[in-house]
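Open the model in your viewer and keep the selection tool at hand. This tour moves from one stop to the next.

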Amino acid sequence: MTASSQVLVTGNEVYRVAGWGISIYGGAEARDNVAHDNTNGIAVNNATAAGNRVYHNTGTGIHAVNNAQVTGNAIYGNAVGIYATVNYWWSERFTGTIANNLIYANTNRAIRIGEASGPQVVNNTIYQSVGDAIRVEGGSQNTRVRNNILWVEAGYGLSVSGDSQVGLSSDFNLFFQGPDPNSHVGFWGGADRHLLADW
């Protein structure tokens, strides 16, 4: 299912699609849909995904590019919950917002940010039994991570690659780490930051 411009895609259940269950761009909005058991859930290009339930897709739950707004979704059981990155067709970096989402039980990462400029990651609740809660990489700049709950049992609460530290702001987040020795608050400056004091 594909929509653009001012189209509203709402109230659908999309499943068993070899590709993207829902793809929206150019000001469209996907709201209150269920996307599950696809290759990937919802693609959002300069558009809005709000209030959707996205689960059990073999790849990415929500893929966000350009000034995508990803808000108020429940995203679980995918390989990656949200992947926010550059639009490779036009080389436009992700500049959007990821806010107020419930993200849990994804197998690799809850949120992956790559090649972004000024993205906002705020007010999300994240639980990862394994893998990273938030991973920032790919030369991202000016990433703002604020007011999130980040719970990891084995992985990193916030992992920032060496090429993505410029302008990063992380404030008022709550970190919880399980007892596994592979559970860390963060990765910064090429080193594990096991406890908040290590950061």
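## A linked trio

Select R112, R135 and E137: salt bridges link these residues into a network. The model is predicted, so treat each distance as a computed value.

Zoom in on R135 and E137. Their side chains form a salt bridge, with 3.0 Å from N to O. Are these two buried or exposed? Both R135 and E137 are buried.

Next, select D132 and R109. Here too the side chains meet in a salt bridge, at 3.4 Å from N to O. Now colour the two strands that hold them. D132 belongs to strand β19, residues 132-137. R109 belongs to strand β16, residues 109-114.

How is each partner covered? D132 has a relative accessible area of 9%. The cut-off for buried is under 20%, so D132 counts as buried. R109 has 22% relative accessibility, and therefore counts as partly exposed.

## A third pair

Move on to E29 and R31. Their side chains meet in a salt bridge as well, with 2.5 Å from N to O. R31 counts as partly exposed because its relative accessibility is 35%.

How many salt bridges does a search of the whole structure find? The search finds five.

## Zoom out

Clear the selection and switch to a cartoon view. Which secondary structure elements make up the protein chain? There are 26 strands and zero helices.

Show the C-alpha trace alone. Along its principal axes, the trace spans about 45 × 30 × 25 Å. The radius of gyration is 16 Å. That agrees with a compact globule, because a globule of 199 residues would have a value near 16 Å.

## Surface and charge

Finish with the surface. The protein chain exposes about 8,600 Å². Carbon and sulfur atoms supply 51% of that area. Of the 199 residues, 50% count as buried.

Last, select the charged residues. The protein chain has 10 positive and 14 negative charges.

Definitions and conventions: Residues are numbered from 1 along each chain as its sequence is written. This is a predicted model: local features need pLDDT of at least 70, side-chain atom pairs count only at pLDDT 80 or more; totals for chains, interfaces and linings use all residues. Side-chain values use heavy atoms; hydrogens and water are left out. Helices (H or I, at least four residues) and strands (E, at least two) are DSSP runs, numbered from the N terminus. The radius of gyration is taken over C-alpha atoms; the globule rule is 2.2 Å times the number of residues to the power 0.38. Buried means under 20% relative accessible area, exposed over 50%, partly exposed in between (1.4 Å probe, protein chains only). Accessible areas come from the Shrake-Rupley method with a 1.4 Å probe; for residues, only the protein chains shown count as cover. Lys and Arg count as positive and Asp and Glu as negative; His and the chain ends are not counted. The place of a charge is taken as NZ of Lys, CZ of Arg, CG of Asp or CD of Glu. A salt bridge is a side-chain nitrogen of Lys or Arg within 4 Å of a carboxyl oxygen of Asp or Glu.
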